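Open the structure in your viewer and keep the selection tool ready. Each stop tells you what to select and what is there.

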Amino acid sequence: MAEHQFDIVVLGGGSAGYATAVRATQLGMTAAIIEKDKLGGTCLHRGCVPTKALLHSAEVADVAREGATYGINSSVESIDIVAVNAFREKLVAGKHKGLQGLIKANGITVFEGEGRLASPNTVQVGADTVVGKNVVLASGSYSRSLPGLEIGGRVITSEHALELQEIPSKVIVLGGGVIGVEFASVWRSFGAEVTIVEGLPHLVPNEEESVSKQLERAFRKRGIDYKLGVRFQGVTQDASSVTVTLEDGTTLSADYLLVAVGRGPATAGLGYEEAGIEMDRGFVLTTERLATNVPGVYAVGDIVPGLQLAHRGYQQGIFVAEEIAGLNPVVVADVNIPKVTYCDPEIASVGLTEAKAAEKYGAENISSYEYNLAGNAKSSILGTAGTVKAVRLNDGPVLGVHMIGARVGELVGEAQLIVNWEAYPEDVAPFVHGHPTQNETIGEAMLKLAGKPLHAI
């Protein structure tokens with residue numbers, strides 16, 4: 001058995017894990033990553049990147065169908081799902097190769113195999129014992145199901161959905177959160193009949209309520225059906241179909257049932273609890289500075305309670321490396337991390353919703369404005385409806401920005417700077433936003449809240 005010594009040992013090579021190792025080596029530390037599958041984890045291979053590739057193919061199909069609106073005589077002859085998957089796989093392979101090069105260029109040692117925390121400073125990988133002055137847990141997440149709902153056959157998760165070599169004619173999606181609405185959007189663009197089942201009163205229930213309602217209207221217009229405020233009861237399947245029963249007695253039939261009820265922490269059997277790590281329902285509990293209760297052990301990414309986003313993982317990985325190096329990095333609260341849902345129309349948000357802001361500061365101390373994309377020339381050119389809503393503290397900073405419409409995910413960068421730098425609308429209002437761009441919508445919202453609207457009424 002060989003023993004290896006490093007300043008930082010990272011258990012997991014996904015977004016959070018490799019970000020930790022990269023930043024650690026930049027700061028002069030030695031770092032090792034233990035990864036049982038492929039560097040890049042869920043995000044690169046089964047999540048963010050491949051699903052967005054599918055969504056782009058779906059967007060191309062929709063634009064081609066609508067070509068006549070723009071004076072272009074185009075149509076969709078068919079969807080070649082084999083070619084769509086080949087595009088997705090080529091994209092992922094290219095990004096994976098680039099990541100491998102990045103890890104090598106930074107001098108990071110990678111141990112391939114399933115690691116287990118053998119002690120607070122030791123990870124066992126097969127015959128290798130990897131010892132770190134600090135250990136960072138970054139083992140990621142898995143697709144959840146519901147109690148008693150067994151995955152298999154025509155009951156699938158998002159990972160199985162990515163690999164389908166057919167376009168279903170009818171699909172039921174259990175869960176109206178990010179994963180559910182993104183796959184519903186793709187399949188509808190590819191011609192499938194889709195029904196979403198969501199137990200809460202709205203789709204994307206964690207978003208601003210006005211955004212959720214606009215998405216529901218847009219989905220209805222696209223022909224995507226949904227059942228809201230009703231719970232799943234059970235499913236039966238045969239060789240060619242599934243039948244879903246809801247608690248209100250409704251039955252639905254389709255080719256597949258996609259279970260999209262969130263992701264759970266991948267921590268079972270990895271030795272965390274045996275090493276004394278404090279846990280809660282499989283999640284690793286940490287301080288706001290991502291330290292566990294065991295000295296020298298940190299946790300990052302999806303195993304830490306909160307938002308499960310790749311870019312949160314990047315930020316936390318960088319944070320922990322800098323924390324270990326004594327740089328005292330800035331904590332970014334989950335609420336101020338940007339979120340993007342890449343369905344059609346897109347949703348992007350950062351900061352407090354109006355309801356949460358009112359709860360925290362009192363409704364009388366909050367102002368908001370919702371700018372309609374109908375007043376934005378570039379959005380009209382793109383043919384998209386939607387809004388940009390900003391929430392502020394009266395005589396204080398912008399607390400949240402919430403957007404829906406085509407390509408609004410590209411606007412969340414400025415929005416997160418405004419919110420995280422605690423800018424007042426009056427601070428932003430003097431700055432120029434290029435015309436015609438969708439970026440102007442943020443400028444218009446700031447002008448309105450600053451009391452000097454231009455195109456806002």
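Contact here means heavy atoms within 4.5 Å. Keep that in mind at each stop. The model is predicted.

**Stop 1: α3 and α6**

Select helix α3, residues 48–65, and helix α6, residues 178–189. Their axes are 9 Å apart, and the helices pack at an angle of about 40°. That angle makes α3 oblique to α6. The crossing of α3 and α6 is left-handed.

Now show the side chains. On the α3 side, pick Thr-51, Lys-52, Leu-54, Leu-55, Ala-58, Ala-61, Asp-62 and Arg-65. They meet Glu-182, Phe-183, Ser-185, Val-186 and Ser-189 in α6. Colour this contact by class: six residues are nonpolar, three are polar and four are charged.

**Stop 2**

Angles under 35 degrees count as roughly parallel.

Select Val-181, Ser-185, Arg-188 and Ser-189 in α6. Across from them, in α7, are Leu-215, Phe-219 and Arg-222. The contact of α6 with α7 has three nonpolar, two polar and two charged residues. Look again at Ser-185 and Ser-189: they meet residues of α7 here, and they were part of the α3 contact at the previous stop.

**Stop 3: an aromatic pair**

The structure holds three aromatic pairs. One of them is formed by Phe-6 and Phe-111, so select these two. Is the pair stacked or edge-to-face? It is edge-to-face, with 85° between the planes and 6.1 Å centre to centre.

Next, show the strands. Phe-6 lies in strand β1, residues 2–11, and Phe-111 lies in strand β3, residues 109–112. The pair therefore ties together parts that are 105 residues apart in sequence.

Check the burial too. Phe-6 is buried, with a relative accessible area of 12%. Phe-111 is buried as well, at 8%.

**Stop 4: Gly-396**

Select Gly-396, in the loop between β23 (387–393) and β24 (398–404). Is Gly-396 buried or exposed? Its relative accessibility is 2%, so Gly-396 counts as buried.

Gly-396 and Ala-423 are 27 residues apart in sequence, yet 8.1 Å apart in space, C-alpha to C-alpha. Finish with Tyr-424 and Pro-425: Gly-396 touches both, not counting residues up to four places away in sequence.

Key: Residues are numbered from 1 along each chain as its sequence is written. This is a predicted model: local features need pLDDT of at least 70, side-chain atom pairs count only at pLDDT 80 or more; totals for chains, interfaces and linings use all residues. Side-chain values use heavy atoms; hydrogens and water are left out. Axes are lines fitted to C-alpha atoms, for helices over the stretch in contact, and angles run from 0 to 180 degrees between N-to-C directions. Helices (H or I, at least four residues) and strands (E, at least two) are DSSP runs, numbered from the N terminus. Angles under 35 degrees count as roughly parallel, over 145 as roughly antiparallel, 65 to 115 as roughly perpendicular and the rest as oblique. A crossing is left-handed if the near helix is turned anticlockwise from the far one by less than a right angle, and right-handed if clockwise. Ala, Val, Leu, Ile, Met, Phe, Trp, Tyr, Cys and Pro count as nonpolar, Asp, Glu, Lys and Arg as charged, and the others, Gly among them, as polar. Rings of Phe, Tyr and Trp (its six-membered ring) pair if their centres lie within 6.5 Å; planes under 30 degrees apart count as stacked, over 60 as edge-to-face and the rest as tilted. Buried means under 20% relative accessible area, exposed over 50%, partly exposed in between (1.4 Å probe, protein chains only).
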